Number of protein chains: 4
Amino acid sequence: MALSEDQMKAMHKKREKILQEATMLFAVHGYNDTTIAKVANAAGISFGSVFTYFASKEELFYATIKEPLEKLGEELLSFDSNAVNPMKEIEALVQKHVLLISQQPVYLRLFQQVLGQPERFKREFEILNQFFQLFQNKMGILIKRGQELGQLRILHVEAVAISYLSFLNGLRLTTIDGPEHDVWKLFVPCGIQLFGPVE
Amino acid sequence: MALSEDQMKAMHKKREKILQEATMLFAVHGYNDTTIAKVANAAGISFGSVFTYFASKEELFYATIKEPLEKLGEELLSFDSNAVNPMKEIEALVQKHVLLISQQPVYLRLFQQVLGQPERFKREFEILNQFFQLFQNKMGILIKRGQELGQLRILHVEAVAISYLSFLNGLRLTTIDGPEHDVWKLFVPCGIQLFGPVE
Amino acid sequence: MALSEDQMKAMHKKREKILQEATMLFAVHGYNDTTIAKVANAAGISFGSVFTYFASKEELFYATIKEPLEKLGEELLSFDSNAVNPMKEIEALVQKHVLLISQQPVYLRLFQQVLGQPERFKREFEILNQFFQLFQNKMGILIKRGQELGQLRILHVEAVAISYLSFLNGLRLTTIDGPEHDVWKLFVPCGIQLFGPVE
Amino acid sequence: MALSEDQMKAMHKKREKILQEATMLFAVHGYNDTTIAKVANAAGISFGSVFTYFASKEELFYATIKEPLEKLGEELLSFDSNAVNPMKEIEALVQKHVLLISQQPVYLRLFQQVLGQPERFKREFEILNQFFQLFQNKMGILIKRGQELGQLRILHVEAVAISYLSFLNGLRLTTIDGPEHDVWKLFVPCGIQLFGPVE
DNA sequence: TATGAATGAGCATTCATTCAT
DNA sequence: CATGAATGAATGCTCATTCAT
């Protein structure tokens, strides 16, 4: 018997709920200290049900990394690497990036954990790394054009891109925890400096 | 009868060996997947002996973070915040920092893990954070002076310091793993840019 | 979906089985030499299941003391402290008590262990002691009335009650192990003597 | 090389010290929770030395039971089972026994533990039991003579002896903990009652 | 004899996963 | 599909005992 549309919707909703609670718990307590029981409890369902939606704990963690990455990644990549005015694009982009990062306090914790144990979280590290490559490449084009146009100093393009990613990633390490934009805005000029703006 | 000098030395050596192997294992497999048995095995002793040197797994992990931090921290902080020529000092310092960081591939992994789970690794996070504060403050003085002398653009001092720390910390996130200095040197100019050098 | 009635019953039965086997093992081998594995094995379940029914070994031991105490205690206390003829009541009561005690060879061993280590088995000692107080008090009333009516010699009421408890408790220390009533009956007159019957 | 007299003395003293501290610890915390390290610590020596004096923990516990039993037993047995006036002898003996028992709060705890786990502490139980037999027999003679002389009611001799032992043993179960003799004296008449004194 | 580092057997407990209801 | 009882592998830690110094 096929499931009704309502049931489908309800299941989708439940899946989202599990994912959301799992993200929170994984971020705060880490992979091992987050038990399936805790996730189920937070999601208001029985722990057996978690296995209806995710084949294993590993799978759940993977989903927890992957699905938001798709959204976040898309947003981080939504800039024009062929913009007429690279410098202007960079300025806009840093602003957007810093804002985005500041709004993902929980999620970025997960990244840290994966990045801190790449051997252990192989699959997760893989997709993160893949995104990093993409990001690096696209940024590279923009940076290169900026340098060619004389807007940016001549620096090793890849190194700049990596440095910028490090910068973004590291922002979350600060103890400045609230997402009050005013604080985060201070980092925008710093981020822009990384690209080596002339004058 | 107290222990002989030779025995004391042997014990110290054994302790160091445990610490070293534990660092490696923690870095590669993470806290939970590193069992005391594995550490003991790697160190070539019985697992019971680990407890002769470290009261618990937690304690071992803590030592693994703390003791190297003292050395590394000292090196990172060994610059003159009142240098006559702040810009020159910064250039030298970035070079040294990037080199140091590039030589600590294993150890920095541990940092990531702690930073990714500050609630779980409270004590460890605490001392890391403490060092961050120190570093930030000392850097702040140097940056401020650079700005006052017109060598650096006017940027929010604290934000620059934090950005620089993020940059350093994040370098390890790249997949460029070998400590071949030539690669790492590319990041030096990027790091310097962060401070907003005039001209 | 809640558990079916049958399941509930089965679980209750299993819990009882664990409790029973644990009691036996604790009594024979003591707390420390009784491993959860042995209990599970004796109960015919996996050791993991023991934790489904009892949160910890301590908890299991506690239940092992508490639950039977409630039953046994009620029986030991089921006498009329305001009986018209205290002496008769005492005679009946000693008979009943000695019989009861003779039927609890296993369980009383647990008492000994708790009484032998009150600091270690604090909670268990507490409830035992509480029962002792109750028993002592109720016995006290009966004894006092017996003395007032001239049926019993004048002795320190509390001391008599305590002595009687000691007597009951100590019976189990004898090597006469079978619950053949004929042997146990011999102790009834001795118990009665403790109250100081006149004539 | 033979040990000097002084050394012998010192060793004997040390052995006594260990035994004393072990008795205390075993009594309060039980066999398993009393570690050799704790005993050594309490005795002010290194734990390795404990094994110089006692072959194993079991042996130490055994000594802890056996040696005091010899002294205590002798005192408890120092009465004249052929006394001209059995009743008088019994009165004196109960007084002495109750006093003795009241002065052994720590040691009697050990008895309880052994009696609560006879299978586990086989050897210890054996010697305790052996003493019980001796005591029972000697008491039996006295009781029998008392009954023949018409001083005591006719009761099952063995049962009386066992009851009396139970009574003595159980006294320690009361919460009256101080060795203030006045309290303990109250139990003397109760003990005497057990023998069924005529009139 | 005294010391205490080294050893490893032994155990309580956790928790992902399975599966009957 | 939802539930939660059952399972047992895995692991940190304790501690008696040995033995080199």
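**Close-up views of a protein–DNA model**

**View 1. The span at residues 12-72 of chain A.** In this predicted model, residues 12-72 of chain A are 87% helix and 0% strand, with end C-alpha atoms 20 Å apart. Helices (H or I, at least four residues) and strands (E, at least two) are DSSP runs, numbered from the N terminus. UniProt, in an unreviewed entry, gives these residues of chain A the feature "domain: HTH tetR-type". UniProt positions follow the numbering used here, feature names are shortened, and annotations may be inferred rather than shown by experiment. Residues are numbered from 1 along each chain as its sequence is written, while chains are lettered from A and ligands numbered from 1 in the order in which they are written. Local features need pLDDT of at least 70, side-chain atom pairs count only at pLDDT 80 or more, totals for chains, interfaces and linings use all residues, and side-chain values use heavy atoms, with hydrogens and water left out.

**View 2. Protein around DNA strand E.** Near this strand (a heavy atom within 4 Å of it) are 34 residues. B:Lys14, B:Phe47, B:Ser49, B:Tyr53 and D:Ser49 are the closest. Of the DNA strand E atoms within 4 Å of the protein, 65% belong to sugar and phosphate. The surface near DNA strand E holds 15 nonpolar, 15 polar and four charged residues. Here Ala, Val, Leu, Ile, Met, Phe, Trp, Tyr, Cys and Pro count as nonpolar, Asp, Glu, Lys and Arg as charged, and the others, Gly among them, as polar.

**View 3. Phosphate oxygens of DNA strand E.** A polar side-chain atom of D:Lys14 lies 3.0 Å from one phosphate oxygen. Polar backbone atoms also approach phosphate oxygens: A:Ile36 at 3.0 Å and B:Ser46 at 3.1 Å.

**View 4. Protein around DNA strand F.** Sugar and phosphate make up 66% of the DNA strand F atoms that come within 4 Å of the protein. Residues of the surface near DNA strand F comprise 15 nonpolar, 15 polar and four charged.

**View 5. Phosphate oxygens of DNA strand F.** The side chain of A:Ser46 places an N or O atom 3.2 Å from a phosphate oxygen. C:Ser46 uses a backbone N or O atom, at 3.1 Å. A polar backbone atom of D:Ile36 lies 3.0 Å from a phosphate oxygen. Helix 3 (47-53) of chains A, B, C and D and helix 1 (5-33) of chain C each give two or more residues to the surface near DNA strand F.

**View 6. Paired copies and separated chains.** Chain B superposes on chain A by a rotation of 179° with 0.0 Å of shift along its axis (RMSD 0.1 Å). That is the relation of a two-fold axis. In chain A, 100% of the contact residues of chain B recur, so the same surface serves both copies; contact means heavy atoms within 4.5 Å. Chain C superposes on chain D by a rotation of 179° with 0.1 Å of shift (RMSD 0.1 Å). Superposition is by least squares on C-alpha atoms of residues with pLDDT of at least 70 in both copies. No contact joins chain A and chain C, whose closest C-alpha atoms are 10 Å apart. Chain B and chain C do not touch either, with nearest C-alpha atoms 22 Å apart.

Conventions. A polar contact is a pair of N or O atoms within 3.5 Å; within protein, one must be able to donate a hydrogen and the other to accept it, and residues adjacent in sequence count only if both atoms are side-chain atoms.
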